[in-house]
Amino acid sequence: MSGRSAARPPGLVGVLLALAASEFGDKLVQVAYALIAVRAGSTTFLAAVLAAQTIPVLALTPLVSSRGWIRSRTAWRAGLIGQVAAFAVAAALADHRIAVLACILVAASCEALTMPFSRSLLHALSDGRQAELAKWWSVSKAGAGAAGMVLAGVVVAVSGAASAFALNALTFLLVLTVAWSPRIPEDGTPGSRSATAGFGRLLAPGAFGALGLLCVTVMLITTSLEGVSGPFMLARTPGYDAHGLGVVMACWAVASMVAAAVTPRRITGIRALLPLSNLLVALAIGLPSLGLPFWSATVTFALGGIGNGVFNLLLTRVIWSGVPAAGQPHAWAAFNWLLNASLFLSFAVGLFLHPRHTPALLATAAALCLIAGCACLSALARRTPKAARVIA
């Protein structure tokens with residue numbers, strides 16, 4: 001047995017739990033936004049929410065990357081203070097939609113600082129155990145998110161949107177408390193301050209490479225489109241049952257969480273699993289969009305959830321293992337930019353696309369996901385030496 005202790009590295013558990021709690025809070029407020037929109041009798045508010053959540057990240061990430069603020073512990077703490085304050089104010093003014101939108105803008109602007117630092121912090125505390133860390137994080141993130149979705153309806157129904165905002169502020173306060181722990185390291189080592197440095201890190205052969213990053217980008221866009229347009233596509237399948245829609249959608253979330261939990265750590269270093277997850281998601285979305293009966297989507301969406309769970313596990317493993325410590329903040333900033341760009345694109349398309357066209361849209365997205373996965377698998381099969389197919 002290795003001389004390294006089997007116990008988790010000091011300080012890591014507290015950060016993991018605090019960040020997982022924040023994921024829980026994020027799910028709560030998503031339901032709160034929906035409640036406010038329903039009460040207002042308009043979907044415009046939800047469109048405004050998504051714009052407020054994504055545009056600040058897209059606009060500010062190049063700035064905070066070029067200034068080096070994403071590697072600053074002080075900037076991280078300042079961003080957390082901003083997020084606590086934003087959701088505390090939203091809780092106090094939950095009945096005022098414009099005020100809530102302003103708070104979302106502030107919180108999203110702070111996310112451009114906090115997300116890259118928090119992910120690179122997990123790497124710094126991992127003591128070189130990136131494979132185990134990827135599994136711990138994937139399971140805790142998925143579990144907290146699922147719990148948030150399950151309990152969100154109860155919290156919002158019983159106490160209203162204000163309670164969801166207040167609980168989310170408390171989760172950020174928990175992260176802020178951890179941020180002042182003496183175990184949190186000083187600012188990261190000096191590195192590149194280029195606004196695009198993170199994309200170079202992700203494109204490096206030791207990380208994703210060009211085809212691997214293409215797989216990641218197509219997967220992010222496809223799953224974002226599914227999240228926005230999936231219910232409309234399912235509504236047009238033969239035998240559609242409105243009462244079963246929640247069951248079908250839950251199959252994806254549950255399967256994703258279970259896949260992250262049961263995937264053996266020893267196989268999470270196999271690069272081929274990343275494009276294989278693209279293939280599973282392509283089948284999960286493509287088959288129902290081509291006219292399979294509604295209830296068959298329980299099986300295909302479960303397959304998609306498995307693919308998505310493995311994808312999330314591999315993605316974190318690749319970034320934490322394939323990018324040097326000095327490049328971690330920039331790599332995570334670049335990934336966060338891609339994620340928010342995918343969300344913004346999917347909602348913009350969904351906003352202007354008629355529901356009857358959603359099967360064609362998702363069939364096209366599934367085809368692109370399939371092509372990207374096959375191209376990446378083909379490239380991996382030709383790699384030599386064989387070690388190049390395995391994450392270090």
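This note goes through a predicted model of a protein, from its overall make-up to single residues.

1. Overall make-up. The protein has 13 helices and 0 strands. Read from the N terminus, the run of elements is therefore α-α-α-α-α-α-α-α-α-α-α-α-α. The radius of gyration is 20 Å, close to the 21 Å that the globule rule gives for 392 residues, so the protein is as compact as a globular protein of that length. Along the principal axes, its C-alpha atoms fill a box of roughly 55 × 55 × 40 Å.

2. Of the 392 residues, 49% count as buried. Among contacts with a separation of 6 or more, 86% are between residues 24 or more positions apart. Several of the points below give individual cases of residues that meet across the chain.

3. Surface and charge. The protein carries 26 positive and 10 negative charges.

4. Ser 22. This residue sits in helix H1, which covers residues 12-40. Is Ser 22 buried or exposed? Its relative accessible area is 9%, and buried means under 20%, so Ser 22 is buried. Leaving aside neighbours within four places in sequence, Ser 22 is in contact with Asn 168, Thr 171, Phe 172 and Val 175. One of these contacts, Phe 172, also belongs to a ring cluster, in which ring pairs link it with Tyr 33, Phe 87 and Phe 165.

5. Aromatic pairs. How many aromatic pairs does a search of the whole structure find? The search finds 10. One of them is formed by Phe 199 and Trp 337, an edge-to-face pair with 6.0 Å centre to centre and 85° between the planes. The pair links distant parts of the chain: Phe 199 is in helix H7 (residues 197-203) and Trp 337 is in helix H12 (residues 328-352), 138 residues apart. Phe 199 counts as partly exposed at 23% relative accessibility, and Trp 337 is partly exposed with a relative accessible area of 28%.

6. A pair between loops. Tyr 240 and Phe 294 also form an edge-to-face aromatic pair, with 5.4 Å centre to centre and 90° between the planes. This pair, too, links distant parts of the chain, its members being 54 residues apart. Tyr 240 lies in the loop between helix H8 (209-234) and helix H9 (245-262). Phe 294 lies in the loop between helix H10 (273-289) and helix H11 (297-322). Tyr 240 has a relative accessible area of 33% and is partly exposed, whereas Phe 294, at 1% relative accessibility, counts as buried.

7. Ala 333. Helix H12 contains Ala 333 as well as Trp 337. Ala 333 has a relative accessibility of 2%; the limit for buried is under 20%, so the residue counts as buried. Which residues does Ala 333 touch, not counting those up to four places away in sequence? They are Thr 61, Ser 65, Ile 70 and Pro 116. Ile 70 and Ala 333 are 263 residues apart along the chain, and their C-alpha atoms are separated by 7.8 Å.

Key:
Residues numbered from 1 in each chain as written. Predicted model: local features only at pLDDT ≥ 70, side-chain atom pairs only at ≥ 80, totals over all residues. Heavy atoms only, no water. Helix = DSSP H or I, 4+ residues; strand = E, 2+ residues; numbered from the N terminus. Rg over C-alpha atoms; globule rule 2.2 N^0.38 Å. Buried < 20%, exposed > 50% of the residue type's maximum accessible area, 1.4 Å probe, protein only. Contact = heavy atoms within 4.5 Å. Lys, Arg positive; Asp, Glu negative; His and termini not counted. Charge placed at Lys NZ, Arg CZ, Asp CG, Glu CD. Phe/Tyr/Trp six-rings, centres within 6.5 Å; stacked < 30°, edge-to-face > 60°.
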